[in-house]
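I opened my notebook to write down, entry by entry, what I looked up in this structure.

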Amino acid sequence: MSGFPTIRPRRLRQSPTLRRMVAETHLHPSSFVLPLFVVPGREVRNPIGSMPGHAQLSVDEVLPVVKEASSVGVGGVILFGIPASKDEQGSGAWDPAGPVPETIRAIKDQVDDITVWADVCLCEYTSHGHCGVLSGETIDNDATLPLLAHAAVVYADAGADVIAPSDMMDGRVAAIRTALDAAGHRELAVCSYSAKYASAYYGPFREAAESAPAFGDRRTHQMDPPNVREALVEVAQDLAEGADMVMVKPAGPYLDVISAVRDSVDVPVVAYQVSGEFSMIEAAAANGWIDGDRVMLESLTGITRAGASIVLTYFATRAARALGAL
Ligand code: PBG
Ligand code: ZN
């Protein structure tokens, strides 16, 4: 077996041009999806304390942000809505006049070259903050399905390009697919949050989306962090029900899950670099403890190298700009 001095891996690292040429992973803005929080009203901009640079925005305020993302090549935006009022059922989720359908219509009308993803869940819309309707203190899985399907059809009617259910109810992809088809949206893609873990990394999002559960937690529907084979069960189930893409969430702490899912399916694998991942990088960078831009690109490279072909990230526009400058 020949090794050193015949083999010297350093030879291929001698210049930036050579390093770029032999790079095994490439980031491209078209693979990034920017999450946005939309609220009713006009000229509303409520900064999210734990997520520097991000805010709850009304439709007029969100449009320039979407145009900017599109102008630097970002592939998509995903919308989360905060309704004017919440109730037990989460009926704001399927209000055609709610901030999400309104924003979808406005983007489709005014912005070219960007896909619009609609997150489907009830937790931003229910008074108790749970992802489904309650029976006592537990979520009634099957009673929740038609409500999710109803919301999905409303977003589809508004013009969404991708429907992304994040609720983790069993059977929701089939319920949504059936409802979309019945409403004439046979060609509309579903990206299921298939392997979504009950994660502490969602903390800043719950401030942003005002969706923290009033009691209890999400551990009976979201996945348990120790499990990876179970993610493959979830993924297979969602594909059998008609999902076109599957998601792993969070991303950075679950790279092995991304890799295992990538090896087991031939559809696009999507990863969500969640709020806590973003906020930790931002906090450390603000303290001068890390180089924020470099860690941003390195974290996205790691997620992509693990096997994600699309990344939902709060860095989407900034990363697209940084890539353009390289
Ligand atoms: C709601 C939802 C959550 C996120 C996306 N959709 C939070 C939760 O499950 O409580 C988290 C995203 C993030 O942290 O950036 N179903
Ligand atoms: Zn939810």
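**Cysteines and ligand 1**

I started with C131, which counts as buried because its relative accessibility is 0%, and I kept in mind that the model I was reading is predicted. I then looked up C121, and C121 counts as buried too, because its relative accessibility of 3% falls under the 20% cut-off. Next I looked for disulfides, for which two cysteine sulfur atoms would have to lie within 2.5 Å, and the count came to 0.

I moved on to ligand 1 and asked myself which residues come nearest to ligand 1.

I then went through polar contacts between side chains and oxygen atoms of ligand 1, taking one residue at a time. For Y314, I found a side-chain N or O atom 2.6 Å from an oxygen atom of ligand 1. For S275, a polar side-chain atom lies 2.7 Å from an oxygen atom of the ligand, and for R218 the corresponding distance, again from a polar side-chain atom to a ligand oxygen, is 3.0 Å.

My last entry records where ligand 1 sits, which is in the largest cavity.

Note on methods
Residues numbered from 1 in each chain as written. Chains lettered and ligands numbered in written order. Predicted model: local features only at pLDDT ≥ 70, side-chain atom pairs only at ≥ 80, totals over all residues. Heavy atoms only, no water. Buried < 20%, exposed > 50% of the residue type's maximum accessible area, 1.4 Å probe, protein only. Near = heavy atom within 4 Å. Polar contact = N/O pair within 3.5 Å; in protein donor to acceptor, adjacent residues only side chain to side chain. 1 Å grid on protein atoms, 1.4 Å probe; cavity = no way out; pocket = protein on both sides within 12 Å on 5 of 7 lines; lining within 4 Å. Sits in = over half its atoms within 2 Å of the grid points.
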